[in-house]
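Please examine the structure shown below.

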Amino acid sequence: MAATEQARRPAWKTLLFSYEALLLLVLVAEWLFFYFAGTTMNRRGVVVGFGTLDRQFDILRHSCEIGLLAVALTPVIITGGIDLSVGSLLGLCAILFGKFWHDGGLTIPTAIALTLVIGAAAGGLNAALITALRLPPLIVTLGTYSLFRGLAEAITHGAITYTNFPSAFLFLGQERWLGLPAQAWVSLPIGVAIWMLVHRMTFGRSFRAIGFSPDGARYAGLPVNRRLALVYVIAGVVSAVAAIIYTARLGQAKADAGTGYELFAITAVVLGGTSIFGGTGTVHGTMIGVAAIAVLKNGLACLPVVMRMNAAEEMSGLLTGALLLVALTAGVLPKIISELRARFHLGAKT
Amino acid sequence: MKSFLPRVSALLVLFLASLVAAGAADSKLVLAMLPKAKGNAYFLSVKGGADKAARELGVQLLFDGPTDTDAAKQNEIVENWITLGVDVIAVAAENKEGLSTALRKAQKQGIKVISYDADVMPDARSFFVNQATPQGIGFALMDEAARLCNEEGEFAIITASLTAANQQEWEKNIRKRLATKYPKMKLVAVRPSDDIKDKAQSEATALLSANPNLKLLMAISSPGVPGAAEAVKQAGKVGQVKVIGLGLPNENKRYVHEGVTDSVILWNTDHLGYLTVYAGVALAKGELKKGDKEIKAGSLGTFEIIEDNILLGKPFIFNKSNIDQFDF
Amino acid sequence: MRHYFRELSVAAVLLVLLAALAIFAPAFYQPQPLLSLATREAPTLIVACGMALVIIARQIDISVGSQFSVCSVSAALLAAMHWPLALVLPASVAIGAVLGAINGALIAGLGLPSIVVTLATMVTLRQGLNMLRQGEWVSLPDNVQWFGLSQTVGQWLLVAAALALLVALGLAMRHLAGGRFVYAVGSDAEAARLAGIRPRLGTFFIFVFMGALTGLAAMMNIIQSPQVQPLSGVGLELKVIAAVVVGGVAISGGRGNLWGAFAGLLLLACIAPALTHLRIEAYWEKAIQGAIILLAVVADGLRSRKGDA
């Protein structure tokens, strides 16, 4: 019934009342709040804090890697799957990239290409186990989550750190190009490409069909296994890209790179309105989700109150968790209200 | 839009600034201090000292860090402080090279940088408040171990995590001292504990049963020392296997008195925080310059400076005779 | 026999590992260290039992590690205030049950997905604890360790309690209505509803039970040493989920049992000490763990494919 109602609405109205629009509103409100409450003047009379352009660029730089992972995870979750291994794969790719360049004597571009191949292969391993053996993605990627991180530690003995990358490479993570942080020029096109894939191509429709009902999709003649393999391989390749950006931003590659990133990324995807059960979700929602979390984290660190409490890190974790719960509840609220109303009316009649 | 936002914001900023100025918080010098990780007893104690110094000097202290060791997060926090326009940044680096990138940027913006606890690259900071060099720590631990074992026998190390940079430095120096000075001693295993006491205990239990000739357990992460001690106690090997390590007196008092742990090595972490704040503020006010030979730090008196290292003093060995005199 | 194929195959892998230890590192088999190992893993077993129930009911709970920390610290604070242990124990269980009830209310009451809800509560509880306690350790009074009993008695008591709970729950799952109920909810909630049971209420109580077990486990952990670290419990969720899954409990719900979860936990718990005994460097540990999880699920996948054909 809800669907027909939606169909009768004009397009702009659907867009305006969509979850993503609501989230965007939250993001804007959040941004404005921090802009006014988190911008101050320091002793030297310079405007500092959240409102500065530098800070906005820092937010962009700091959210590139998690943003990439989250965007790549969106199609995975839309198909009803999940990939817990992306953070570990980021670590593995980072040290392999370092190893190719430092120990293998390869040039940076060759090392990057080889790292992307590794990322694809690792994603392919997940895909093979999930599609060929029809194993649950949660379990497969829980295994590769340990395996990839374990390999990274085994290769470096945990100890080796690759540093002293050429400055032309570090430019990618630390400098600005044409007004934007350099890594944004890599991340944004990837984001747009995945958006096109999900929202402007038939692939996206098939992802949703698979997430809605894998068997139904199979009977409808969709190449379910190939489509599923595609989303996991994309997740692998994008993790490798994130690994390279991470390495360039920090100027070092080490086996602990990206620890815990999978949880941040999944949080952003879910906050962005993608259903963890699959079937629905949008890439732009994910991007807004990433931005909402990044702005929250950064903004809190600028609030004088929070600064005095010395609790920016804890509080941003706390509020991210709370925000997620509120968003989830908001998502089901209409359903619950109508349920309660139905029950109330029933109760009144009898 | 372009001309609108700055104008409105400038008005609002002025308004807010006047509000804040009423609280007079804005006129204070701001010193931001980055621990390797928040929420462990070591840095909690450092913060205690830093708070005291900040009160005495009338500066605002920001103390923030990752909730668990995370090199990338350290960078992000420093970059946040840069746009926050703090006056001084004091860091304990999880990872030298990574953090130095952000600190050089801070220096370019006129922010003074010092390091404490774990140094960064020398060009990324003005001074290092040196509580003990990795060599000093590694050698002191190894010497103490050798003394307790009469310079012969097997021993094992429990570290924080395999990837923690400072642990690796210490381990390297322990191995160096071992190779050059104690040929009759043998390092049989190095096991990680992830800074979790319970895990350290499990690892120590396995080490004890796998190595019946083990004479000593050395825990170089502070939660590891009580974990190892509890394992030795539960295995009924008190006296037979000795426990030493880097740790805080309070966490280890019980085991030292019971005779399970022989000695704990550490510097005065409270003083470390205190001295760091004094040095940072002196640097920002221009009272501390390159080439100075000493610095005065409030109630603690003067400290020697060698080149760009401010020396806190030698690491301290706590044992049964003196551990009760310390409370941190 | 065919019925228990999966559980038996995990047990077989475990036996191979134990046999390898018997040949290459007989020192592994000393009574005292083994008892210590068993005592250390007793709380984990309790949590794993709860997790098996949750997963059989086609849910998941990744907040158990944070729940464990919150219960540990609260119980320790109560004990440090000289509450009698006979009160601290139920208090810890009750705190766990309340935390579980929060998850349960959100999941069963509002119909939200458990993986996301517990992800949110995991982060919220962990950071809340960090904020309130700043990582400070709690020192316990002398009479808390081993309930004031001798060490050997205390250790046997903990191991026996954990095993007794396992056996009781394992039998209940097979023979009692409540146990079959969990399977019914997990295999087909709609069918269960039509059959006249209330899956949502059931799911709620499964999470409450999970929380209560976590509170019990936290208590069993804090009496093992004189100090409590708030970090204890970090990573516990992954450990128990891996154990339960390796033990053959299907993530899709309705299939598996506690004996399998027990075998899975034993296998994973033995890996770290086995590496120490076999003198394999520590940096291989995670890779080996991942490989074992993958092998277990691949074996499962291959077998069920054969079943299909």
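**A sheet in chain B**

In what order do the six strands of the open sheet in chain B lie? The order is S7-S6-S8-S9-S10-S14, and the pairing is mixed. Strands are DSSP runs of E with at least two residues, helices are runs of H or I with at least four, and both are numbered from the N terminus; two strands pair if DSSP finds at least two bridges between them. The edges are formed by strand S7 (185–192) and strand S14 (316–318) of chain B, each with a single partner strand, so one side of each has no neighbour in the sheet.

Strand S8 (residues 214–219) and strand S9 (residues 242–246) of chain B run parallel, joined over four bridges. Met218(B) has Ile244(B) of S9(B) as its bridge partner.

**Basis of the model**

This is a predicted model, in which local features need pLDDT of at least 70 and side-chain atom pairs count only at pLDDT 80 or more, while totals for chains, interfaces and linings use all residues. Residues are numbered from 1 along each chain as its sequence is written, and chains are lettered from A and ligands numbered from 1 in the order in which they are written.

**Chain C against chain A**

Contact (C-beta atoms, placed from the backbone, within 7 Å) joins 37 residues of chain C to 40 residues of chain A. On the chain C side, helix H5 (114–133), helix H10 (236–246) and helix H12 (285–308) each give two or more residues. H12(C) gives the most, with 13 residues.

**Chain C against chain B**

Here, 29 residues of chain C are in contact with 32 residues of chain B. Helix H2 (31–56) and helix H11 (258–277) of chain C each give two or more residues to this side of chain C, and the largest share, five residues, comes from H2(C).

Methods: Contact = placed C-beta atoms within 7 Å.
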